[in-house]
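Reader: Can you walk me through this one? I'm new to reading folds.
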Amino acid sequence: MKLIFPAIAVLVLGACTSVKVKPVDSHAAMDHVCISNNPAVKVDDFVLVMQDGFQRHGVAAEVFLNDPPSSCEYIVDYTALRSWDFKPYLSHAEIRITQHGRLVASATYHLNGKGGFDMGKWRGTKAKIDPVMDELLAGFHS
């Protein structure tokens with residue numbers, strides 16, 4: 001009986017975050033991406049964290065507002081949602097990379113049950129998204 005409660009706690013807290021990644025092919029000649037600004041996203045530092053992630057892997061990243069520059073072969077679209085529990089925190093994010101309209105990589109970060117009792121749900125955007133970016137770009141200019 002004494003072991004049941006710790007086991008349940010580990011399952012509840014450990015199963016709070018779901019990350020699904022289809023990484024960029026390590027043979028891709030991706031040295032530059034263009035990030036499509038999403039004004040609906042209210043996570044202020046999300047784009048900066050993505051840009052840092054790309055740069056950490058040797059990929060330049062620029063942001064555009066309307067139409068992508070003609071020099072952009074790879075386009076990055078994203079969404080990020082906040083939830084509220086005493087203060088706002090990142091609870092869901094999706095990143096998609098396309099090349100000429102064809103999906104070449106994607107990543108999803110999701111707090112199951114909006115993080116529940118997991119205190120890690122209040123970690124910053126960088127702490128949550130850096131590992132996702134590293135997995136998305138694994139084996140690629142790292």
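Author: Here is a short tour of the fold, which is a predicted model.

Reader: OK. How many helices and strands does the chain have?
Author: Three helices and six strands.

Reader: What pattern do they follow along the sequence?
Author: The pattern is α-β-β-α-β-β-β-β-α.

Reader: And in what order do the strands sit in the sheet?
Author: The order is β1-β6-β5-β4-β2-β3. The sheet is open, and its pairing is mixed.

Reader: Which strands stand at the edges?
Author: β1 (17–22) and β3 (60–64). Each has a single partner strand, so one side of each has no neighbour in the sheet.

Reader: How much are neighbouring strands turned against each other?
Author: By 20° on average, with direction ignored.

Reader: What packs on the sheet?
Author: Helix α2, residues 46–56, does. The helix touches β2 (32–36), β3, β4 (74–84) and β5. Its direction makes about 135° with that of β4.

Reader: Back to pairing. In which sense do β5 and β6 pair?
Author: Antiparallel, over eight bridges. β5 covers residues 88–99 and β6 covers residues 102–111.

Reader: Which residue in β6 is the bridge partner of I97?
Author: A105 is.

Reader: New topic. What share of the chain is buried?
Author: 37% of its 142 residues count as buried.

Reader: And the accessible surface?
Author: That comes to about 8,200 Å². Carbon and sulfur atoms account for 60% of that surface.

Reader: Last one. What share of contacts join residues at least 24 apart?
Author: 68%, counting contacts between residues at least 6 apart in sequence.

Key. Residues are numbered from 1 along each chain as its sequence is written. This is a predicted model: local features need pLDDT of at least 70, side-chain atom pairs count only at pLDDT 80 or more; totals for chains, interfaces and linings use all residues. Side-chain values use heavy atoms; hydrogens and water are left out. Two strands pair if DSSP finds at least two bridges between them. Helices (H or I, at least four residues) and strands (E, at least two) are DSSP runs, numbered from the N terminus. Axes are lines fitted to C-alpha atoms, for helices over the stretch in contact, and angles run from 0 to 180 degrees between N-to-C directions. Contact means heavy atoms within 4.5 Å. Buried means under 20% relative accessible area, exposed over 50%, partly exposed in between (1.4 Å probe, protein chains only). Accessible areas come from the Shrake-Rupley method with a 1.4 Å probe; for residues, only the protein chains shown count as cover.
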